[in-house]
Amino acid sequence: MTATAKQTTILQTQNLHKTYRTGGEDLHILQGVDMNVKSGEWLAILGASGSGKSTLLHLLGGLDRPSQGNVTYTQQNIYQLSRSAINQYRNHEVGFVFQFYHLLPELSALENVTIAGMISGNKQASSAKRKERAQMLLDQLGMSHRLRHRPNKLSGGERQRVAIARALLNEPKVLLADEPTGNLDADTGQQILDLFINLHKQGQTIVMVTHDQHVADLADRQLVLERGKLKS
Amino acid sequence: MYISLLISKYLRRKLAPMFAAMAVTLCTAMVIIVISVMGGFLDMMRAAAQTLTGQVTIYSDVTGFAGHQEIAKRLLIQPEIESAAPLVRSYGLIKLHESTQTVEVVGIEPESFNTVTNYQSSLYWDNQHFLNMLDKQIPQEELTSPELKKRYADYKAAYEKMDLDDAGMNFTIPDIWVREGIEQGCVLGIAVNPWNLRNSEGKYDVANTALGLPMTITVLPMTQGGSIQTLSPATARFTLVNEFKSGLYDIDSNRIYVPMAKLQAMLDMHQQKIWDKFDPQTGQPVGDATIKPDRVSELMIKGKDGVPLADVKATVTRVLQSYLAEHPNTPSLWIQTWQERHATLLGAVEREKGMLTILFAIISLVAVAMIGVIFYMIVQQKTKDIGTLRALGASRKGIASIFLGYGLSVGIIGSMVGLALAASIVLNLNEIQDLLFVWFGFKMWNPQIYYFDRIPSQLDHMEVTVIVICAILSSVVGAIVPAILAAIQDPVESLRYE
């Protein structure tokens, strides 16, 4: 990883607000968040439950729309993109890893990974190549012996490895991880963190939200979110 | 690509789509069976009506009309007309096996009658059939002694000599059945004789048939003016030389065919010579007699192949008008096509078919609603998956396509299974009924109510195609609302869904 690469801002938010209306009242989840993510960086967003860190991650990944403000990816406001382009953004440019894995229960481990490539609709990427890359990723994550197993036959750690492989299939620029060890025991959690450390070493940009200081300490940089605002 | 993968996985892994497919299967099968039976019923009625009455009929009131030979002669030279046959129709009593029944007595000239209807092919017994049935009923192993064997061989040899088909076509009495005082044969509807019962194969047994037995027919003569004559009822004896089975139970259980000339004579409708003057001393007629021509009830006409019914009727109307212009004393005559003659019945069945189709289409809407509910439940179950797919970059259109494709697949599978189920039932309907009768003594189809002795059914390819397409479309329609609901789900909410 070069110093130049590290200095390039890949993802940025400007005055980001998100308000939900529940029970006739406005709930201000994010209140003017300004932040940036540099290429190759591991950024940890630390915060207690309800601080708005998952909402921030969803906005960074184009899953939700801000009430106010922008999210800029490589100088482009993603919320000005067409629906089709934002779908492409979610599919190609970012990869999500969730706390509860969110694997599709009807699919095998291998299919859960390859489906990310199928959604891209890239006809040039042949089915065989897609499968080859998925197998390679699962192999690297120590899952080569569980390719045909469905999620209900996998342990929590194995499910999270499959979810990481799925997030990496389309070689995203940014990996967005939402409490990836939050549902795992300490040992398994550490194994998953080791995977993130390896990915980071290979130059993968990671934005990880967590409430665990120990996890946040592994990151290059930490931001603390408190009641919807970044703590300075 | 991911859409087809998920559809195939959802179809294989879930119980709910099986219920949806089953609903489509049952609705498809139900509609196809109803349409096929009603359509078959209608077609059989049309065919029976056409073959039993000819294409066009000229008829008068019950007193009959003269001049049918001349009308037929003029008709037969028309290029549109194939054949014409007169008949005399009356009602009377028959006495058979010491039991008396009322029947429709129809006098025919078999040869001409056969050219207009399918009379010859409706004759039930031919020699081979008769002998086969005889062999089945008297198995060889039961002929234990040489004497019995010889008696059976002689009996069979006598039957081998006779020609039942010829007997039916000419009302001639085979030698073996000749009796003193009986000169002519008659042909009875197969269901008139109450002892005539079908075996397990649906064929009539020889053992119970009245073939070869004498029967007495009584009819009431009628004057040309339409009153019952002061004469006694006319009675004649005939030998039953064959039986006919038109397939139309109403006819098969009520009609008897006799030679037309004989019936005319019995009804006083035959050709007669009438003298005005008589020798007062000898009482013998004097001078020239006036010929009173014979009368018939109907003249049945068949058009040439390919000639439209309307053209046949137009030709008959033209010829009859020209005849009536030359014969102003002819009583009122009417012309009817077979469709007009049976319009009430055919129209009722047609309307019934339409009504049933609409009713079952409405019932099928229940299936659409059921599919909608099942798919809504599936969408609810799959909320998290929808969120995941959206996070992976799936578009709203892609999500909707999964559920629409799912509905389409359920529709295709359900309707194909329904088609197979319906076809196997429709094509074996009578066999199924026979089995139900053997097992449970239950008979769905009562021939006394439904005219035909077998359940008619016909798979119309066009109707079946329309039903299958409608079933598939119904499934897609049922899946539309759940698919839209899935597509518009907020991915963040979906991911948080518990």
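Predicted model: local features only at pLDDT ≥ 70, side-chain atom pairs only at ≥ 80, totals over all residues.
Which strands of chain A does helix α6 (residues 156-168) lie across? Residues are numbered from 1 along each chain as its sequence is written, while chains are lettered from A and ligands numbered from 1 in the order in which they are written.

Helix α6 of chain A lies across β6 and β7 (174-178) of chain A, and runs at about 170° to β6(A). Here helices (H or I, at least four residues) and strands (E, at least two) are DSSP runs, numbered from the N terminus, and the angle, on a scale from 0 to 180 degrees, is taken between N-to-C directions of axes, which are lines fitted to C-alpha atoms, for helices over the stretch in contact. Contact means that the C-beta atoms of two residues, placed from the backbone, lie within 7 Å.

Those strands belong to an open sheet of 6 strands in chain A, in the order β6-β7-β8-β3-β9-β10, with mixed pairing, where two strands pair if DSSP finds at least two bridges between them. Because β6 (94-97) and β10 (229-230) of chain A each have a single partner strand, they stand at the edges, and one side of each is left without a neighbour in the sheet. Within this sheet, β3 (residues 42-47) and β8 (residues 205-210) of chain A run parallel and are joined by 5 bridges, with Trp42(A) opposite Ile206(A) in β8(A).

Turning to where the chains meet, 17 residues of chain B are in contact with 20 residues of chain A, and α1(B) gives the most to chain B's side, with 5 residues.
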